[in-house]
Every structure is written in C-alpha cells, then in structure tokens.
Amino acid sequence: AFGGPDGFEAQWRLLSDAAGNIYGVTMQGGDNQYGPVYKIGSDGKNFSVLYSFTGAADGGYPSGGLASDKKGNLYGATNLAGNGQDPNGTVFKLAPDGTLTTLHVFSGDADGGGGAGDMLLSRGKLYGTTTSGGTRLNGVVYEVDAATGAARVLHNFGNGHGANPQAGLTKHNSLLYGTAPGGGSANLGVVFSVKK
C-alpha cells in the first residue's frame, strides 16, 4: 500500500519490462511530496523509489503512464514545472542510473500546458497530450524528440475538434488516436486521429 515516501494517489497505467518488473508514478508523495517514479520487482514484492520529484527545476506531480526504450530509460510527463509554481508541466527522461533529464518545459502558451495522459514512444519520438494551452487554450497533441528534446505541436484542440484531452494516445501506421472529454458537436467529447 502506498503512503508517505512511497508516494500516494496512484491512478495511472503501469509499464512492465521484459524481466517482469513494473514501473509507475504517483501524483503525490515521495521524499519531497511532489510524487515519485517507482519500481516493483518481478516477484511483485520488492518496491523501490527510483526518483522523487522536488518541485524545482525537475518539475513535480507526474501524471500518466511511462514509456521506455531498449536502453531502460523511462519517459513521462509532469503537471508542474520550474520552481514549483508553474502549472504547465514537463516531459522527462529517467536513466537507469537515476539521473533525470528534463526534455521539455511547457510554456502554457502555443506548445500547451499541463502534461496529461500516458506517454507514447515511437521511433525515438515521444507523443502525448496537454489539457490546456495551445492556440485555442484547449490543449494540444505534442511530439518531443527523445534524444534532443526538440518539441512540436501536432494538433491544437478547440473549434469543435475536441477539448482538454486527458488520456494517452495509441498509434496505427502514421496516425495517432485518442479521446478528449470536451468539444464535439454537443460538447460531450470526441475520438480523434492526428497524423504524426
């Protein structure tokens, strides 16, 4: 059971590796109360905190499920950025040795704000959504290069095309698919596709 340094408010998809280890995040808790990245061993018992966010330059309040690459790096997003007062979030990389690198800090403007949903990694690119920001302030679908941190917006929500996405994306060929709880003809949400 979660609590204190282990983190709490666990609500996101879990990630498993080839050895059967499980990885995830909790929104709060950890050593600094800004949420940790954790690992559960393949035996289902050995629990360890891999990283505790500080709410400073590394961000805080991680959200969504993690993605991983063949080298064992973990990728995810936070809802908090910068000095602990910026609600726009980050995209991060956590190396197997525990080193965290912030790949992108959302501005809350054109590039989106408030990282949300599960992270998707495909051919060296990270894909996800933000709940706010973008040209219409209703969130975006973004791409971040996992090696360089270069970011670009693939879609701006609003104008009947959905609003404030919170879930992760899935891919098929060159298309990304997802859902948004707002927008659409009756403002009751949409299922959308976006070209990578």
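Buried means under 20% relative accessible area, exposed over 50%, and partly exposed in between (1.4 Å probe, protein chains only). This is a predicted model, where local features need pLDDT of at least 70, side-chain atom pairs count only at pLDDT 80 or more, and totals for chains, interfaces and linings use all residues. Residues are numbered from 1 along each chain as its sequence is written, and side-chain values use heavy atoms, with hydrogens and water left out.

**View A. Arg13 and Asp118 form a salt bridge.** A salt bridge is a side-chain nitrogen of Lys or Arg within 4 Å of a carboxyl oxygen of Asp or Glu. Three are counted by this rule. Here the N to O distance is 3.2 Å. Asp118 lies in strand β9 (residues 113–122) and Arg13 in the segment before β1 (15–16), so the pair ties together parts 105 residues apart in sequence. Strands are DSSP runs (E, at least two residues), numbered from the N terminus. Arg13 is partly exposed, at 35% relative accessible area. Asp118 is partly exposed too, at 21%.

**View B. Lys125 pairs with Asp145 in a salt bridge.** Their closest N and O atoms are 2.8 Å apart. Lys125 sits in strand β10 (residues 125–132) and Asp145 in strand β11 (residues 140–145), so the pair ties together parts 20 residues apart in sequence. Lys125 is partly exposed, at 25% relative accessibility. Asp145 is buried, at 15%.

**View C. Arg152 and Glu143 form a salt bridge.** The closest N and O atoms lie 2.9 Å apart. Arg152 is partly exposed, with a relative accessible area of 42%. Glu143 is buried, at 8%.

Definitions and conventions. Helix = DSSP H or I, 4+ residues; strand = E, 2+ residues; numbered from the N terminus.
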